[in-house]
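Hi everyone, thanks for coming. I'd like to walk you through a few spots in one structure, so please have a look at the screen.

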Amino acid sequence: MLPIEEINRASGNLPAFAVLAPLAEALKECGAAVVSAPPGTGKTTLVPPALAQQVSGRVVVTQPRRLAARAAARRLAQLLGQQVGGEVGLTLRGERKLSRETKVEFVTTGVLLRRAIADPELKGISAVVLDEVHERQIDTDLAVGICRDICELREDFRVVAMSATLDAPRFATALGGVPTVEIDADTYPLQIDYQPSKFPRLNERGTGRDFLKYAGQTAAAALDAGPAQVALLFLPGVRELNLAAGAAKSAFANLDVRTLHGRLTSAEQDEILALPQGEKRLVCTTNIAESSLTVPGVQLVIDSGLERSAAFDVARQMSGLVTKYSSKAASTQRAGRAGRLGPGRVIRLFSKVDWARMQPHSAPEVETADLAGMALLLAAWGAPRARGMHLPSPLPKAALERAEQTLRSLGAIDEAGTITPLGRELAQIPADPRLGRALYEGAPRLGSKNAGSIVATLSSDERSPGADLPALHRQLLRARPARWQADAKRFAALVPASRGAGVENAEGEMVALAYPGRIARRRGNSTNYLLAQGSGAALPAGSPLEGQQWLAVADLSNTGSGPLIRLAAPLSEADARRLGKALTRTQVKVGFHKGRVRAEKITRLGQIELASAPTSATSQEARQAIRAEFAARGAGLFTFSKNGENLRRRLLLLHRALGDPWPDTSLEALGQNEYFTAPLLTEMERGVPLTDLPTTVALQGLLPWPEAAKLDELAPERLTVPSGNSVKLEYDANAGAPPRISVKLQACFGWQQTPTVAGGKVGIQLALLSPAGRPLALTQDLESFWQNVYPQVRAEMRGRYPKHPWPEDPTTARPSLKTKRQLAREQQKGNSS
C-alpha cells in the first residue's frame, strides 16, 4: 500500500492528515479513539489506510449504507491506482470483492455484526473503523458495544469511531472513556437564506406535491441565477426526489438534474460522483449526502428540512419509514456541504420560526424503531437485553420487551432470553428475524429457491403501485436486477436445498409465516381489511387485489385517511386458518344484553372472528357477567316501575331535606347500598329478568321505622289544591329541584302562600296553566306572584279566555275550574233553594 503521505497528496491534501499522528498515539495508549470531524475533511479516505500501515491484520471500515461503502472503497482504490478487490476490498450483502492482498475492507455495519456473531474474536482483523456513528442507526450503536467487548478481549485490537457531529463524547464514553481527536477544517462563509413555501411541507399523506414542485423550481432557479456550479437539494425519499427533479427540469430544460439515493446501481452512482466539472448541475439527494457521500463541486445547498427514518408503530405492530422534520444538527451538516470550496449559499425552504422549533439532534434509532433484530443479535452475542454491554444509549424497556416477546413467538429465544439453535441460525440471516423464520419454515414446502426469492422481494425496497406482491415478485423474477438476484441466491443458500411442491399462494404463505398477525380478512364488500393483530387497513384504489377475501399483508403505511396496504398477497381461507393456527383461540364470551345474561362461543384468528354460536353460561360465568355489568353501571342497571321510581325520588327529597334516618336513594348511593343491591343481584343470578326484579320492594326495605309512617305526610304523592282537585306531585330525579305540580291557575284562587312538603322545609313549585292547559307562569313564591305577576297575566288572559273568571283579588276569589256562566248558574240554584 502506498505511504499515507502519497495518498494524501493524491487526494488533494485533506484536513484529516493533520490528526493521523495524534490518532496513532491515542490508539497506542488506549486501543480505541474517537475522531470528530465535519463532512468532507477526508477522515474516511485517510484514517483507514493510515491505520492499515500500523497493524498487521486487516482493517474493516463500516458504513451505515451500501452506497457509502461502495463509494468509499472505490475512492480509496482509485487513489491507490487499483480496482476494488485488491488492497481495498468491499463486502456488502450479495456483493464481495476481496483478495489475499486486501488490507482495508469496506463493509456495511450489518456485515460486521454477523461476522462478529460467527467469530467473536474477529480473527485476522486488527482494527475496525466505525464510520458515521453520529447517525445513531441501530446496527452502529450495537457495533460500538460489540467492538468495546472485543477490545477488552484482545489487546492487539484497535477501534476508531468517527463522528461528523459534536456528539463525540457519547461515543468516547461508550468505548471506555477513550480520547477524542478533532479535525479542524477551514470553512468559508455561508449565506443562509430562509425561503419558506406557501404550501405546507408535510400533509396527511406525507410530503406535499406542491411543496416538492416549489422545492425543485426554487433550487433550479437559484442555481441558474447564481455563481455556483453544483447544487444539492435535500429531500426525504426517492418519490420526493423524482417529483422535485421533474419540476426543476420542467422549469429549466437545459439544466443537468440528477437524483442520488440508495437504490442506485454502482454504475449510476459512479456517474454522479464522477461528473465532469464546468457545467451546472442539480443533484437531488436524500440525507445520504449529508455526511456519507461527498458530491464534488458543491457551493449551493437547498434544504427542505425533512428526513425519513425508521419507526415502529405500536398500534399496527409494524415498522415503517416516517417522514418528519429534520433536526438542527442535520440541517447544519447539510449547510456545511456548501462551504468547503469557497463562500457558499444555503437556502432553507422553511422559516426562521421553523428553525427555532427544530430539535437539536435527531432521535437515535433505538428510541423509535423495532428492536427485534437488535435483540436477536444481542442474544447471539451472549448479552440478552444488553446486559453487561456498553451502548451509546440505553435501550427503551418497553420496546425491548416487545422485541423479546416477538423473538419468543418465533422460537428464537427462550423464556430467560437465551438464544436457541433456531435463533442462532436466524441471526446469520441479513433480514428481519420474522422473514428469517419464514425462510426456514417455508423452504421445505415451497422449495429453497422459491422461498429465497420471495424473502429477497420482501426485503427489498421495491413496491407495487397496487400493493400486489405476487405481481411484484413476478416482475423481479423476469427483470432479475443484480442486487435482488444476489439476495435471492444468498437467502436460498442459507437453508437446506429443497425442491418443494407447487403452492398456489406462495407469496401469501411466506408473508403469513413471517407475520401471522397480518393475516387479514375483508370487511363486507369493501376494500377495507381487518388484520389479525386488531388494526384495520385499506387497499389502494384500483388494486388488483380488490375482492380477495383473505390477504397476508407485508407492508403498511399511514395516511390521512388511515393505514394503507402497500404490499400484500392473497390467501385462501384454508391457508389463513392453517397459517394462523397459533393465533386461533376459541372462547366463551359472556355478557349482559337486553336485561339478560347472554353467552356466545366465538372462534377467532387473532381479532378476526371465524365463527360464533349461542351457548349456555355456567353459573359462575353468569354471576361474573352480572357483577361486571353492575360494576360498570351501578344502580343504573336496575329498572324501576313508575311507582318505584316515584318512591325513590320522594325518599331522596326527604334525605336531602331532613337527613337521617331517611335513606340516600340517589343511584350512586343505591349502588353502594348492599341492603338494596344484594337481594336484586341474587334474583338476577337466579335468572330473573331485569324487568321482573322487585326493585320497589327493595326500596321499601330501606324505609326507616317508625318514621316511615309519616312518608305520605312528609312527601305525599298527590296534593289537594283549593278547588278540591287532587294533583300529582312530580319529584325531581336527583332532588336538585323542588317538587312541582302542574295546575290551572283558577284552581289556586284563595291560596295565599306557597304549599310545602318535608315538614315545611321545601316549597312546592307551581306550574300555573291557562284554562286551555297552556303554561302561564312558574313560581315558588305564590304570594309574590299574586301581587306582582298576576295583574299582568289577568290583563292578557281575560280577553283570550273571557268565559273564565279573572278576579282582581285572586286570594279571596272562589277557586274553581268552571266558567263564569257555570258558576252563575250554581249561584242561582243556591239562591233559589
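Let me start with a question: is R385 buried, partly exposed or exposed? R385 is partly exposed, with a relative accessible area of 30%. By that I mean the range between buried, which is under 20% relative accessible area, and exposed, which is over 50%, with a 1.4 Å probe and protein chains only.

Before going on, a word on what you are looking at. This is a predicted model, where local features need pLDDT of at least 70 and side-chain atom pairs count only at pLDDT 80 or more, while totals for chains, interfaces and linings use all residues. Residues are numbered from 1 along each chain as its sequence is written, and side-chain values use heavy atoms, leaving out hydrogens and water.

Back to R385, then. Although R385 is not a glycine, its phi is positive, about 60 degrees. You will find R385 in the loop between helix 13 (372–381) and helix 14 (397–410). When I say helix or strand, I mean a DSSP run, numbered from the N terminus: H or I with at least four residues for helices, E with at least two for strands.

L122 also has a positive phi without being a glycine, near 50 degrees. L122 sits in the loop between helix 5 (109–118) and strand 6 (125–130). Here the residue is buried, with a relative accessible area of 3%.

Now for the strands. Strand 14 (residues 281–285) pairs with strand 13 (residues 256–260) through 5 bridges, and the two run parallel; pairing here requires that DSSP finds at least two bridges between the strands. On that side, L260 has T285 as its bridge partner. Strand 12 (residues 230–234) is also joined to strand 14 by 5 bridges, again parallel, and there L233 stands opposite C284.

How many residues of strand 14 are buried? The count is 5 of its 5 residues. Both faces are covered, with R281, V283 and T285 on one side and L282 and C284 on the other.

Next comes helix 10 (residues 266–273), whose buried residues are Q269, I272 and L273. These cover an arc of only 90 degrees around the axis, which puts them on the same side of helix 10; the arc is taken from the directions from the helix axis to the C-beta atoms. As a reminder, an α-helix has 3.6 residues a turn, so residues three or four places apart point the same way. The cover over those buried residues includes helix 4 (66–79), strand 13 and strand 14.

My next stop is D468, in the loop between helix 17 (448–459) and helix 18 (469–479). A polar atom of the D468 side chain does lie 3.2 Å from the backbone nitrogen of A471.

Finally, two cis peptide bonds. One joins D660 and P661, with omega about 10 degrees, and another joins W705 and P706, with omega about 5 degrees.

Technical notes. A polar contact is a pair of N or O atoms within 3.5 Å; within protein, one must be able to donate a hydrogen and the other to accept it, and residues adjacent in sequence count only if both atoms are side-chain atoms. Contact means heavy atoms within 4.5 Å.
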